[in-house]
Every structure is written in C-alpha cells, then in structure tokens.
Amino acid sequence: MSTTPRGAAIEAKALTRRFGDRPAVSDLDLRIEAGESFGLLGANGAGKTTFIRLLTGYLVPSSGTVTVDGFSPIADARAVHQRIGFVAETSRLYPELRVRGFLRFAGGVRGLSGAPLRDAVDRALARFALEEVALRPIGNLSKGYQQRVNLAQAFLHDPALLIVDEPTAGLDPLQQAEVRRELHAVEGERTLLLCTHDLGEARQLTRRVAVLSRGRLVACGPTAEILGAGDPLALFRGPEVAA
Amino acid sequence: MTALRALVRKELAVLFGSPVAWLTLAAIGLVTALLFFDHLRVYNQILFLYASSTMGGFESDTVPAYVNLRDQVFLPVMETLALTLVGLVPLVTMRVFAEERAHGTDELLATTLLTPNQIVAGKLIAAYAFIALALGLSFVYPATSIVRAGLGLPHLLAVYLGLFGLGIALASVGLVCSAFTSSQLVAAISAYAVAFVLYDFRWLAQFLPEAAAEAIDPLSMHLRFGAFAEGLVRGADLVYFAGYVLVAFALCRLAHDQARVR
C-alpha cells in the first residue's frame with residue numbers, strides 16, 4: 001500500500017516576475033516534491049525572496065505560474081495559505097506585542113480559536129522553550145529568542161510547507177545552531193523550502209538545492225552534488241561565469 | 001471571522017503598545033477637562049455679574065437667553081474637541097499601514113487566511129474603535145453640563161454621533177495616506193494636509209468663484225458636524241460620514257493590490 005508523503009509539492013512553470021524592465025525571476029521552471037527539504041540558494045538580489053513572495057501570493061507573477069499542491073496562491077489563496085508556515089527575518093515581527101499575544105494572533109489569523117488555539121500556543125511555547133518569556137514584549141528579546149518566536153508562529157497550524165527565508169541571518173553561532181536544529185527536525189515531517197546564501201546551512205539542512213543567479217535557475221540537483229564539486233561560488237556569480 | 005477578530009485585536013494591541021495611543025487618549029481627556037472647567041468658570045463669572053446687585057449688575061431674572069450652559073460651555077467645548085481630533089487622529093493612523101509595510105510584517109499577513117478585504121477592514125475597524133474609545137473618555141464632562149442644562153441625553157448623543165462621524169472621517173483620511181506610503185512621517189503630514197482642506201472649505205471661498213465655493217461648501221466636515229452639534233441627526237450627514245469609510249476602504253484596498261503587482 002502506498003502512503004502519501006507529508007508535505008506539499010511546489011511547482012513553478014516559466015515563472016517570471018519583473019520590476020519595471022528588470023527581471024527579478026526569469027522563466028523559472030522548478031518542482032519541489034512533497035516532504036522534500038529543499039534549498040534555494042543565490043547571492044543577494046538573485047531572486048530568492050522574489051520567488052518566495054510569488055509562492056506566498058504576496059506578489060503577482062508577470063507571467064508563468066507557481067502552485068502549491070496544484071493550487072495557485074493568487075486564485076486559491078486560502079488553500080495555499082492553509083498549507084504554508086512562513087518564517088521571515090527576525091525584524092518582521094511586532095516588537096510591541098508580547099510573545100503569547102503574538103502567538104495567539106498568529107494562530108487566530110490561521111483560523112485557530114478557543115481550546116485548539118490555546119493548545120497550539122502552549123505546544124509552540126514548550127517546543128521552542130519560550131515559556132519563560134511568554135509575557136515579555138518581543139522587542140525586548142534577544143535576536144535568538146525573536147527567531148524562536150518566529151519559528152513558533154510558523155508551526156502553530158501544523159503547515160505542510162515551511163518556507164524559511166534567511167533564518168540565521170544576524171544570529172550568533174549558538175543561536176544559529178539552535179535554529180538549524182529545529183529546522184533539521186522538520187525533515188520528513190513536512191516540506192521545507194530554505195532560502196539562504198549560507199552554503200553550510202544548505203549542506204546541513206537540505207537534500208536538494210536550486211541555485212538562482214540574476215533571477216535565472218543556473219543549477220538544480222542533490223545538495224551534495226551541486227555544492228560538493230568544483231567551485232559552487234561560481235554558480236552564485238552568474239550563468240556566464242559558471243559556464 | 002476568527003482571522004478578522006484576531007487581526008483587530010492585534011491592531012489594538014500594537015496601537016496600545018506604543019505611547020502614541022496613550023498620549024492621544026490623555027490629550028483628549030485633558031483638553032476636554034481643561035476646556036470644560038475653563039468655560040464653566042467664565043460662565044459662572046457671567047452669571048455672577050448678572051446676579052450680583054452689589055456690583056450694580058442685573059437682576060438674575062434678566063440674564064439673557066444666550067447665557068446658558070449649552071451655548072457658553074457645551075457647544076464651545078465640543079467645537080474645540082472636534083478641532084483636537086483634527087490634530088490628534090493622524091498621529092494614531094499614520095502607522096497603521098505604513099509601519100506594517102516598512103517592517104515587512106505585511107508579508108507575514110499575506111501568508112495567513114486573511115483576505116485582502118479582511119486585512120483592510122480589520123485595520124479600519126481597529127482605528128474606528130480607537131476613536132470611539134477616545135471620545136468615550138471625553139464623555140463625562142459634557143454629560144454633566146447637559147444634565148445640568150436640562151438639554152437631555154438625545155442632544156448629547158447627537159453631538160457624540162457627530163464627533164464620531166468626524167473622527168472616522170479624519171481616521172479614514174489618515175488611513176488612506178498611510179496605505180500609500182511606508183513612511184509614517186509622510187503619512188502624517190499628508191493626512192494633516194488633506195484633513196486641513198476637508199475640515200472646513202470656507203477659507204477657500206475667497207479664492208474661488210462664488211458658484212464653486214457654494215458647490216464645495218456642503219463637503220466640509222465642519223459643516224456636517226455643526227448640524228449634529230445643534231442636536232440634529234440628518235440622514236444626509238450620516239451618509240456623508242459613511243462615505244468616508246467606503247472611500248477609505250476602496251482606496252486602501254487599491255493600495256494593497258498595487259503593492260502586489262507593482
């Protein structure tokens with residue numbers, strides 16, 4: 001008997017997004033299987049964040065399509081958002097809110113209420129060791145704790161797809177290890193889309209990677225293969241250099 | 001509805017997490033109290049002059065009709081409270097959309113079950129709720145004067161309905177200005193500029209042909225509020241203030257959509 005893997009599949013077909021005349025993502029074809037831990041690599045400005053924004057429906061594609069489990073983030077936003085947990089950089093939190101209040105909000109806007117919301121918040125506080133700071137304003141926490149809060153909010157509704165954008169940027173090595181440990185635990189549990197320019201992080205957390213340069217896909221394959229051979233930084237520099 | 005309720009609660013929590021909300025509430029309470037007692041003091045002095053025979057004044061039964069609590073205390077206080085709203089409301093609304101965009105938290109909202117309409121509605125509802133709360137805090141002093149003046153609760157409620165209408169109109173202007181920028185400063189300055197023009201068109205009359213001045217005069221917020229201050233609740237005035245809500249909703253939604261396709 002076959003079992004359906006946990007997680008959500010992502011598929012982009014000829015996906016293009018321009019800002020004025022400048023293409024941020026250009027003619028991108030990519031498939032990420034359900035349950036896969038996948039890394040999206042590239043230098044700053046390569047188009048990683050734009051791809052994530054297209055995937056979440058925050059931006060509308062100029063042309064082409066992207067889907068999550070076959071649902072379009074524009075036409076079927078609700079179906080896509082039910083499947084997504086999104087972890088942005090730590091600065092994208094509400095510093096005025098207390099940790100528990102923020103998590104209640106994050107659960108509420110994902111459709112949780114009453115006892116299920118309380119349980120989800122309690123579970124998240126316990127999982128990310130946030131009980132001690134539950135009543136403190138987020139703005140008063142260290143960056144490491146803020147990133148834990150950020151991760152906790154993304155897990156509240158048990159999403160099939162976890163999208164993580166530069167999760168360890170600005171954290172000290174201990175905090176980075178903590179965040180990576182949490183993300184490592186995701187493997188097999190749900191799909192992980194990790195957006196990073198840290199090659200070590202990609203090696204540690206993903207099985208397959210795609211490299212973007214100037215909005216174009218320049219490499220895609222097993223992490224060990226793409227990052228193990230030759231000079232992976234050449235891929236970051238652009239297609240003509242890599243070639 | 002769960003998601004919308006969560007958003008409204010978050011908006012109010014963020015608002016009250018900053019000093020601006022508390023300072024605004026304190027300012028409205030303080031201004032109302034100071035104005036009320038100052039006008040009451042002057043009113044009592046006038047009464048004393050009329051009633052004091054030792055000062056060669058008038059007999060108390062000769063006090064003219066216009067010397068009463070309504071005209072000497074209540075209406076001036078309400079008029080100044082309306083002006084206070086013009087000064088304070090943009091400070092409250094400037095951050096609602098602009099800060100969300102500047103901090104990138106709008107991206108977080110975009111990954112939730114909230115629809116764009118709910119995001120805009122939630123923010124508008126929270127801002128209007130804050131206006132209602134601020135006005136509620138100022139209620140006690142005018143209530144005292146109304147009871148003492150024997151004008152009755154309906155008049156007081158009419159005035160507060162007008163003040164609330166004015167408040168949501170000003171908040172709507174501020175919210176639209178906030179929706180089109182990621183700078184709170186730009187949002188506040190543009191809201192002041194637009195509110196200044198819309199509050200009272202009469203100053204424009206001297207620069208405009210008479211027909212044009214007459215045509216735009218009914219659009220003035222102050223004129224619409226004036227009817228409520230007299231105790232008149234007219235359908236046209238209610239529609240006028242409701243129009244601000246609808247226009248604000250449409251423009252904020254437009255700004256939200258523009259950000260996605262720009």
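This is a predicted model: local features need pLDDT of at least 70, side-chain atom pairs count only at pLDDT 80 or more; totals for chains, interfaces and linings use all residues.
Local features are given where pLDDT is at least 70, side-chain atom pairs count only at pLDDT 80 or more, and totals for chains, interfaces and linings use all residues. Residues are numbered from 1 along each chain as its sequence is written, while chains are lettered from A and ligands numbered from 1 in the order in which they are written.

Let me begin with chain A. Its secondary structure comes to 10 helices and nine strands; here helices (H or I, at least four residues) and strands (E, at least two) are DSSP runs, numbered from the N terminus. The C-alpha trace of chain A spans about 55 × 50 × 40 Å along its principal axes. Chain A has a radius of gyration of 18 Å, which agrees with the value near 18 Å for a compact globule of 243 residues. That radius is taken over C-alpha atoms, and the globule rule is 2.2 Å times the number of residues to the power 0.38.

Of the 243 residues in chain A, 50% are buried. A residue is buried if 20 or more other C-beta atoms, placed from the backbone, lie within 10 Å of its own. Among chain A contacts with a separation of 6 or more, 66% join residues 24 or more positions apart; two residues are in contact if their C-beta atoms, placed from the backbone, lie within 7 Å.

Ala12(A) has Leu30(A) as its bridge partner in β2(A). Two residues separate these strands, and Gly20(A) in the turn has a positive phi of about 70°. Likewise, β8 (residues 208–213) and β9 (residues 216–222) of chain A run antiparallel, joined by six bridges. Leu212(A) stands opposite Leu217(A), and Arg214(A) takes a positive phi near 50° in this hairpin.

What surrounds Leu183(A), leaving aside its neighbours within four places in sequence? This residue of helix α6 (residues 173–184) of chain A is in contact with Val164(A), Pro167(A), Leu192(A), Leu194(A) and Leu205(A). Leu183(A) counts as buried because 22 other C-beta atoms lie within 10 Å.

Next comes the nonpolar core, a set of buried Ala, Val, Leu, Ile, Met, Phe, Trp, Tyr and Cys residues joined through C-beta atoms within 7 Å. The largest such core has 142 residues, and those with the most contacts inside it include Phe102(A) and Leu175(B). Helix α8 (residues 153–179) of chain B gives the most to this core, with 14 residues. In α8(B), 20 of the 27 residues are buried.

The buried residues of α2(B) include Ile28(B), Leu35(B) and Phe36(B).

Finally, how many residues of chain B are in contact with chain A? There are 23, in contact with 24 residues of chain A. The elements of chain B that give two or more residues to this side are α1 (2–16), α5 (105–110) and α12 (235–261), and α1(B) gives the most, with nine residues.

Technical notes: Two strands pair if DSSP finds at least two bridges between them. A residue is buried if 20 or more other C-beta atoms lie within 10 Å of its own, exposed if 12 or fewer, and partly exposed in between; C-beta atoms are placed from the backbone.
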